[in-house]
Amino acid sequence: MKLNRRTTMAGAAALAAGSLSKAAFAQAFPNKPIKIVVPFAAGSATDLTARGLGAKLQDILKQPVVIENKPGASGQLGASAVATAPADGYTLMMGTNTTNAANGALFKKLSYDIDKDFAPIMRCVMGVNALVVNNDLPVKTTAELVEYAKKNPGKLNYAEASASQRLSGEMFNKLAGTKIERVPYKASPQALGDVASGQVQVMFPDLPQALTQIEAGRVRGLATTGPKRTTVTPNLPAIAEAVPGYSLVYWLAVFAPAATPKDVQKALADAIAEALKDPATAKAMTQGRMEIAPLALDEFAAYVKSETAWWTKEIQAAGIEPE
């Protein structure tokens with residue numbers, strides 16, 4: 001088809017209008033409150049990290065940032081809500097290795113697609129779990145727990161409310177040769193409370209939450225799950241010191257719905273990166289008990305794929321059957 005001057009000018013005008021519209025949208029973002037969905041309970045490490053980040057993002061983005069807890073089903077309720085939200089950058093999720101790496105191997109059918117439903121924006125924090133026991137349990141070290149569990153088969157249970165907690169327990173059973181039975185919970189605070197009261201005896205909660213209870217004398221801390229002792233708790237041994245080969249870390253990160261425009265993703269990543277550089281924000285997000293570990297956009301997307309493969313392999317190796 002032969003294009004005349006009028007057609008050419010009209011086409012150019014349309015292209016220019018589209019470019020201007022896109023640019024205007026990017027410049028306008030954000031122009032209303034942003035919501036960060038936390039797929040775990042208030043008081044969890046994920047929740048505290050989201051609230052620490054949200055407070056600083058309000059200053060940077062000049063818009064309110066609202067934190068909404070949607071716990072349940074190993075994070076599926078909150079993740080599904082974000083996966084189906086409008087892809088405009090105004091609904092985000094503080095996801096974890098549970099929601100965005102491990103759940104695919106833990107469930108026969110998920111209410112969302114780990115690979116297709118999310119745009120990875122920024123990994124924010126990395127941390128470890130702790131091994132804690134009820135104060136009345138007659139063990140003070142990991143080695144003593146292994147010995148007690150082997151001498152008392154069927155008498156010990158471990159509480160779990162996330163994939164990292166569950167894999168921590170099953171990896172322990174596999175490598176230590178124990179058979180501590182799993183008791184699933186909807187939320188970590190309730191699970192840890194039941195360890196304190198003696199309804200269950202063992203748990204692998206995130207370190208920030210565990211330390212609050214350890215320091216209050218409500219539970220006894222035995223070890224941490226990383227490959228070596230952390231600088232946060234140098235007096236707590238690593239489980240690997242008594243159970244060779246044991247190692248598990250977790251991460252917390254911001255995700256958006258998959259179709260969120262690239263320029264909005266970039267704007268969010270830039271704002272989060274700026275927030276993570278602020279010492280007060282970093283302290284609020286980690287409570288001084290985790291590590292700031294930024295990784296953004298394409299690099300973070302590649303990391304999520306590698307993490308999904310790792311968690312899938314370890315879950316299968318631990319003999320965990322999908323539910």
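Strand β6 (residues 157-160) and β7 run parallel and are joined by four bridges. Helices and strands here are DSSP runs numbered from the N terminus (H or I, at least four residues, for helices; E, at least two, for strands). You're looking at a predicted model, where local features need pLDDT of at least 70, side-chain atom pairs count only at pLDDT 80 or more, and totals for chains, interfaces and linings use all residues. Residues are numbered from 1 along each chain as its sequence is written, and side-chain values use heavy atoms, leaving out hydrogens and water.

**The sheet**

- Zoom out and you get an open sheet of five strands, ordered β7-β6-β8-β5-β9, with mixed pairing; two strands pair if DSSP finds at least two bridges between them.
- At the edges are β7 (181-184) and β9 (219-224), each pairing on one side only.
- Helix α6 (residues 163-176) packs on this sheet and touches β5 (130-134), β6, β7 and β8 (202-203); contact means heavy atoms within 4.5 Å.
- The direction of α6 makes about 155 degrees with that of β6, with angles running from 0 to 180 degrees between N-to-C directions and axes fitted to C-alpha atoms, for helices over the stretch in contact.

- Helix α2 (residues 45-61) and helix α9 (residues 262-276) cross at roughly 115 degrees, their axes coming within 9 Å.
- On the α2 side, Leu53, Lys56, Leu57, Ile60 and Leu61 meet Ala271, Ile272, Glu274 and Ala275 of α9.

**Helix α8**

- Which residues of helix α8 (residues 207-215) are buried? They are Leu207, Pro208, Gln209, Ala210, Leu211 and Gln213; buried means under 20% relative accessible area, exposed over 50%, and partly exposed in between, using a 1.4 Å probe and protein chains only.
- At the start of α8, a side-chain oxygen of Asp206 comes to within 2.9 Å of the backbone nitrogen of Gln209.
- After α8 comes Gly217, with a positive phi near 80 degrees.

- Most residues other than glycine have a negative phi, and most peptide bonds are trans.
- Phe29 and Pro30 are joined by a cis peptide bond, with omega about -5 degrees, and Pro30 lies in the loop between α1 (5-28) and β1 (34-38).
- Lys62, in the loop between α2 and β2 (65-69), has a positive phi near 60 degrees; Lys62 counts as exposed because its relative accessibility is 66%.
- Ser74, in the loop between β2 and α3 (76-83), has a positive phi near 55 degrees; Ser74 counts as buried because its relative accessibility is 16%.

Definitions and conventions: A polar contact is a pair of N or O atoms within 3.5 Å; within protein, one must be able to donate a hydrogen and the other to accept it, and residues adjacent in sequence count only if both atoms are side-chain atoms.
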